[in-house]
Amino acid sequence: MDYVRLGNTGLKVSRICLGMMSYGDPAMMEWLLDEQRAEPIVRRAADGGVTFFDTADMYSRGVSEEITGSLLRKIFPRRDDYVLATKVYFPMGDAQNDRGLSRKHILSAIDASLTRLGTDHVDLYQIHRWDEETPIEETMEALHDVVRAGKARYIGASSMFAWQFAKAQHTADMHGWTRFVTMQGHYNLLYREEEREMVPLCLDQGVGLIPWSPLARGLLARAGVASDTSRQTGDGARQRQLYGDADGRYGEAAILERAARTAAERGVAPATVAMAWLLSRPGITAPIVGATKEHHVDDALAAVDLALTDKEIAYLEEPYLPRPVQM
C-alpha cells in the first residue's frame, strides 16, 4: 500500500479508501451486509494496508455508521491508526429539520454520527450534496464551528458544480473559516465529466479528489462478463439513472470491452485496470471502493501496484463521449 497526503493537508491516507455504504441493515436492501458478514472484508482491507474509511449518516439510516465504528474499534489498536470520514445532508428523519445543511441540522447531525461511530471525532466531515435552501455562509460557519469544537479534523464536499464549490471556498476565505480539503465526486472510466471543471479547480486549489463509484456501480468490475448481482436487482434504478443501459451511446460498450481486453492482457481483473486508470489521473488521492466480497478488496489493492502505460490509458479513454451530468 502507498500512502499520500490528503490534498494539501499534512494528513496521510492510504491510496485506497474503503467505502462502507454496503454495510448496514439487510432488511432495508438485500445487498447490504450486516456486521458479521462485513467484518472479514474490512479486515482484509486493513490487512492490505487500508487506513481510510468513508461512510455517511444516511447509509441504512445510521446503521452503516454503527457497523463502521464497531469494526474499526475491533480491528485497529488505536483511534489514530485509521482515518474516518462521514457525511451529512440527506434526511435522517421525517421532521423538516432532519435534513440539509442548516446550522441546526449540522450541529445535531455531527453529534448523532459521533454517537453511532463510538468516537469523539471524525477525521473528515463532508457535506453530501449542495443545499439550495441554506445560505452557504450559514453552512460554512457551522462546519467551521464543528472543527473548532474538535469534532472533526477536516471538512470536505461531494458532488456539486464547480462554481458552487468555488463559492463555498471563497466564503470560507472571506471569513477566515475552515476550507474544504477534499472533493468526493462521481468519476470513473464511464463518467468523466468531472474533468471539465471540477478536477482542474481542485488541482489549482490543492484539494484532494476522493471519487465515489470508481467502478461505475460494478459495471467496470464485470466488464466482459454477463452477470446480474443483488445490487443490480435491488438498486438497478440508480444504476440506470447514472449510466443508462450502458448500451454504447456514450462509448460505454467499447470502454467495457477495452477494459476487459486490457485486463486479460495484463492477467488481472477488469476492476484492477479501471482502478489503476483512476489512480493514474492527476489529483486523485484515494478512490472510494465498495466491497461485498473479499476479492473485491484484493482487486482494488492490486491496482495500487499496476502502472498502466500511456498507450493503455489512451486506449481505454478513446471511446468516451461527453454525457449529461449525473451526481
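S60 is buried, at a relative accessible area of 10% (buried being under 20%, exposed over 50% and partly exposed in between, with a 1.4 Å probe and protein chains only). This serine sits in the loop between strand 4 (52-54) and helix 2 (63-75), with helices (H or I, at least four residues) and strands (E, at least two) taken as DSSP runs numbered from the N terminus. The phi of S60 is near 55 degrees, a positive value in a residue other than glycine. Most residues other than glycine have a negative phi. The model is predicted, so local features need pLDDT of at least 70 and side-chain atom pairs count only at pLDDT 80 or more, while totals for chains, interfaces and linings use all residues. Residues are numbered from 1 along each chain as its sequence is written, and side-chain values use heavy atoms, with hydrogens and water left out.

A second case of positive phi turns up at A216, again near 55 degrees. A216 belongs to the loop between strand 9 and helix 7, and its relative accessible area of 0% makes it buried. Leaving aside residues up to four places away in sequence, P211 touches G185, Y187, L278, I284, A286, P287 and I288, where contact means heavy atoms within 4.5 Å. T178, on the other hand, is 33 residues from P211 along the chain, and the two C-alpha atoms are separated by 22 Å.

Moving on to helix 10 (residues 294-304), its buried residues are V297, D299, A300, L301, A303 and V304. Their cover includes helix 1 (35-47), helix 9 (270-279) and strand 10 (288-290). H295 lies in helix 10 as well, but counts as partly exposed at 42% relative accessibility. Between H295 and I41 there are 254 residues of sequence separation, yet their C-alpha atoms are 8.7 Å apart in space.

As for the whole chain, the protein has 11 helices and 10 strands. Its C-alpha trace spans about 50 × 40 × 35 Å along the principal axes. Of the 327 residues, 57% count as buried. Among contacts between residues at least 6 apart in sequence, 79% join residues at least 24 apart. The exposed surface comes to about 13,800 Å², with carbon and sulfur atoms supplying 49% of it (Shrake-Rupley method, 1.4 Å probe; for residues, only the protein chains shown count as cover).

Finally, the second largest pocket holds about 230 Å³ of space. Of its 13 lining residues, Q96, R99, G100, D131 and E133 are the closest to its centre. A pocket here is an open set of points on a 1 Å grid over the protein atoms alone, where a 1.4 Å probe fits, with protein on both sides within 12 Å along at least five of seven lines; lining residues have an atom within 4 Å of a point. Grid points are joined across faces, edges and corners, and the volume is the space filled by probe spheres set on them. By class, the lining has 4 nonpolar, 5 polar and 4 charged residues (Ala, Val, Leu, Ile, Met, Phe, Trp, Tyr, Cys and Pro as nonpolar; Asp, Glu, Lys and Arg as charged; the others, Gly among them, as polar).
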